[in-house]
Amino acid sequence: HGILLDRLIEVGKGERSTKVRAAVADALGEYRKSEKAAEALVLWLRKDQLKEENYQLAQRCLQSLGNLAPEVGRKQIEKINDWFDFRDGGTAKAAVMAAGALRDKSSIEPLMGELQRNQRDMLKFITGEKVDGCDGG
């Protein structure tokens with residue numbers, strides 16, 4: 001299995017196709033007890049390089065992190081928690097679902113903070129105030 005895992009990671013690193021990388025991310029999630037798989041998935045979660053057409057890749061990486069054994073996935077929980085506030089709802093949801101699957105207490109505070117921010121934004125929206133990050137269109 002180690003050789004196949006290494007090959008999957010190698011393919012994922014060198015592949016330009018988002019669809020192929022997403023499939024590799026799915027496969028890495030099957031290596032439930034592999035630290036190496038977890039580290040590869042986290043490396044592909046780079047917000048600074050993420051374009052809208054790659055949101056699906058980020059979602060699949062987060063889902064795969066959530067599929068890992070808790071003792072492996074929890075080591076990456078801070079990186080998962082960092083995606084709760086991502087501008088794409090599907091990607092943020094994938095992060096919340098991954099954190100929920102791993103059941104780590106350190107996710108509670110960031111989740112509560114994001115919920116409170118969303119509640120404040122919703123109240124502003126309802127009362128007609130400007131909501132940060134919302135252009136009204």
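**Reading a helical model together**

Modeller: Let's begin with the overall build: this protein has 8 helices and 0 strands. Please keep in mind that the model is predicted.

Biologist: Thanks! In what order do the elements of the protein run from the N terminus on?

Modeller: They run α-α-α-α-α-α-α-α. Along the principal axes, the C-alpha trace spans about 60 × 35 × 15 Å.

Biologist: How do I read contacts along the chain? What share of the contacts with a separation of 6 or more comes from residues 24 or more positions apart?

Modeller: A contact means heavy atoms within 4.5 Å. Here, residues 24 or more positions apart account for 63% of the contacts with a separation of 6 or more.

Biologist: And burial? What percentage of the 137 residues count as buried?

Modeller: A residue is called buried when its relative accessible area is under 20%. In this protein, 39% of the 137 residues count as buried. The accessible surface comes to about 8800 Å², and 52% of that belongs to carbon and sulfur atoms.

Biologist: Now the rings. How many aromatic pairs does a search of the whole structure find?

Modeller: Two rings pair if their centres lie within 6.5 Å. The search finds 2 such pairs. One of them joins Tyr55 and Phe86, with 5.3 Å centre to centre and 85 degrees between the planes, an edge-to-face pair. Tyr55 sits in helix α4 (residues 55-67) and Phe86 in the loop between α6 (77-81) and α7 (89-102), so this pair ties together parts that are 31 residues apart in sequence.

Biologist: Is Phe86 buried or exposed?

Modeller: Phe86 counts as buried, because its relative accessibility is 7%. Tyr55 also counts as buried, at 10%. Phe86 has another partner: the ring centres of Trp83 and Phe86 are 4.9 Å apart and their planes meet at 45 degrees, so that pair is tilted. Trp83 is buried as well. Together, Tyr55, Trp83 and Phe86 form one aromatic cluster.

Biologist: Which residue lies over the face of Trp44?

Modeller: That is Arg21, at 5.1 Å from the ring centre. To call this a charge over a ring, we look for CZ of Arg within 6 Å of the centre.

Biologist: Last one: which residues form a nonpolar patch on the surface?

Modeller: Ile108, Met112 and Leu115 do, with about 280 Å² of accessible area together. Leu115 belongs to helix α8 (residues 108-127). With a relative accessible area of 41%, Leu115 is partly exposed.

How values were computed
Residues are numbered from 1 along each chain as its sequence is written. This is a predicted model: local features need pLDDT of at least 70, side-chain atom pairs count only at pLDDT 80 or more; totals for chains, interfaces and linings use all residues. Side-chain values use heavy atoms; hydrogens and water are left out. Patches are made of residues with over 30% relative accessible area and no salt bridge: like charges are joined within 9 Å, nonpolar side chains (Val, Leu, Ile, Met, Phe, Trp, Tyr) within 5 Å. Accessible areas come from the Shrake-Rupley method with a 1.4 Å probe; for residues, only the protein chains shown count as cover. A salt bridge is a side-chain nitrogen of Lys or Arg within 4 Å of a carboxyl oxygen of Asp or Glu. Helices (H or I, at least four residues) and strands (E, at least two) are DSSP runs, numbered from the N terminus. Buried means under 20% relative accessible area, exposed over 50%, partly exposed in between (1.4 Å probe, protein chains only). Rings of Phe, Tyr and Trp (its six-membered ring) pair if their centres lie within 6.5 Å; planes under 30 degrees apart count as stacked, over 60 as edge-to-face and the rest as tilted. A charge sits over a ring if NZ of Lys or CZ of Arg is within 6 Å of the ring centre and within 35 degrees of the ring normal.
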